[in-house]
Amino acid sequence: MSLFGSRVLLRQSRSWLHHSQHREIVTKVSSIFRPTYSASKESNVTSKEIASKSQQLLVELGFIRAQSPGTFCILPLAQRILYKIENIIDAELRKIGCQKLHLASLAPSSLWNKTGRLKSMDEELFKLKDRHDQNYILSPTHEEAITHLLGTAGHISHKQLPLMLYQISTKFRDEMKPRSGLLRAREFLMKDLYTFDASLEDAEKTYHLVRDAYEKIFNNLQVPFVKVQGDSGLMGGSRSEEFHFLSDAGEDELLLCPGCGKGVNSEVGFTESKCPGLGKCEPVAKKGIEVGHCFILGTRYSEPLKAHYVTKDGKTTPFVMGCHGLGISRILAAAAECLSTPEELRWPLSIAPFKVCIIPPKDGSKEADAAVLAEKLGNSLSCLQGVADEVLVDDRTSLTIGRRCKEASRYGYPFVIVAGRTAACVNPTFEVFLTASGEKKVLSFEQTVDFVKDQCSNSLK
């Protein structure tokens, strides 16, 4: 082939690649694997285990499926939500210099024995032996693993600090009474970040850096949250703060001051303090679902596992560590728990499985000709920034518009757009339903595109 011919093919391939990256992506309801069940009739779940509306709805509508007590299959709609939560987390952690890795879930029991947690967490650990009679655990958290990694990584200079390493991985905990679906499971998805500093003063600075990033993450998730003083518990360490979604389904009792915004987990207690200009705090008790936690661990793990850095003087000294966790699968369930009604799921725009659901007319109806316009709308919306791969079309046109609208509302898609009777008029319009508020707008084709564009653009800010 000539050089000229090669250049032509290269230009054509680049043109195709550019087109493929911007092509319309519209998903059809009929193509989604979403087996629906009655949560109370699931063979792997007893009625006593269904203690939350989030579990009831997520199971019934095909987001998750119980495999055994405390373990769940994450189905495509829920997987889309988890992916969005992960992206929000990754984006903020990258901004502060965190590096992502992946640690093994299978950990030698000997590491946990060195820190004393093999005994203190004994009943909560899944333990096993390999064919060589070596003892292992399925990690519920990775302080030992990450500290061992740093301790065996060779000389790490003080110039490399702070070092902030995190992963998103599956964790395992032998819950005595798993319940409420993903809110209290034996297998769960978690983001755990570990920080390594030269001094407690430096560790405090890193702690505040990560905590501020957490606040941005929760603001981007668009679910109301509170931050309270927490208990270090089995993690150890000198400082601890928790992030909670307020819900009656929560297992933690929080003491919150409505005046100054301070709060503590009741396990810690509430010390009498003053709010500027308001006098003494009068805390109010609220239930919360813990979705994030920040700790300063000090040398709790670096000393027994001999994880050291090299100082300016060439000496070795233990890292001062921090640990910061986010329960990703719990965030999914907690968001549903806090925002949904007993009959219908509700999602913030930032993590909804699909942002837009288009309802074309029923086959054979008077407005059937509007199907072409509905298809055009879907293609136009899917080309918008922040809406690509976010458009769902309910192509089950043998069903009435009303039935499909009701179902779309149950699934919690933020914008449900109906191509009904008015879409078949000379000057066609769409009915745009805002699921969260129940508001309805009647908009032209161009107005509908602009409205969705504005709403989704605002959610990216």
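**A sheet, a helix and a cavity**

Student: In this predicted model, which strands does helix α9 lie across, and at what angle does α9 run to β20?

Tutor: Helix α9 spans residues 371-381. The strands under it are β1, β20 (356-359), β21 (391-393), β22 (415-418) and β23. Relative to β20, α9 runs at about 165°.

Student: In what order do the six strands of the open sheet stand?

Tutor: The pairing in this sheet is mixed. From one strand to the next, the twist averages 25°. The order is β1-β21-β20-β22-β23-β24.

Student: Why is one side of β1 and of β24 left without a neighbour in the sheet?

Tutor: β1 covers 26-28 and β24 covers 439-444. Both stand at the edges, so one side of each has no neighbour in the sheet. The reason is that each has a single partner strand.

Student: Which residue of β24 is the bridge partner of F430?

Tutor: Strand β23 takes in residues 429-434. Six bridges join β23 to β24, and the two run antiparallel. In β24, the partner of F430 is L443.

Student: Which helix gives the largest share of the lining of the second largest cavity?

Tutor: The count is two cavities of 30 Å³ or more. The largest share, four residues, comes from residues 401-411, helix α10.

Student: How many residues of that lining are charged?

Tutor: The lining has six nonpolar residues and no polar ones. The charged residues number five.

Methods:
Residues are numbered from 1 along each chain as its sequence is written. This is a predicted model: local features need pLDDT of at least 70, side-chain atom pairs count only at pLDDT 80 or more; totals for chains, interfaces and linings use all residues. Side-chain values use heavy atoms; hydrogens and water are left out. On a 1 Å grid over the protein atoms alone, a cavity is a set of points where a 1.4 Å probe fits but cannot get out, and a pocket is an open set with protein on both sides within 12 Å along at least five of seven lines; lining residues have an atom within 4 Å of a point. Grid points are joined across faces, edges and corners, and a volume is the space filled by probe spheres set on the points. Ala, Val, Leu, Ile, Met, Phe, Trp, Tyr, Cys and Pro count as nonpolar, Asp, Glu, Lys and Arg as charged, and the others, Gly among them, as polar. Two strands pair if DSSP finds at least two bridges between them. Axes are lines fitted to C-alpha atoms, for helices over the stretch in contact, and angles run from 0 to 180 degrees between N-to-C directions. Contact means heavy atoms within 4.5 Å.
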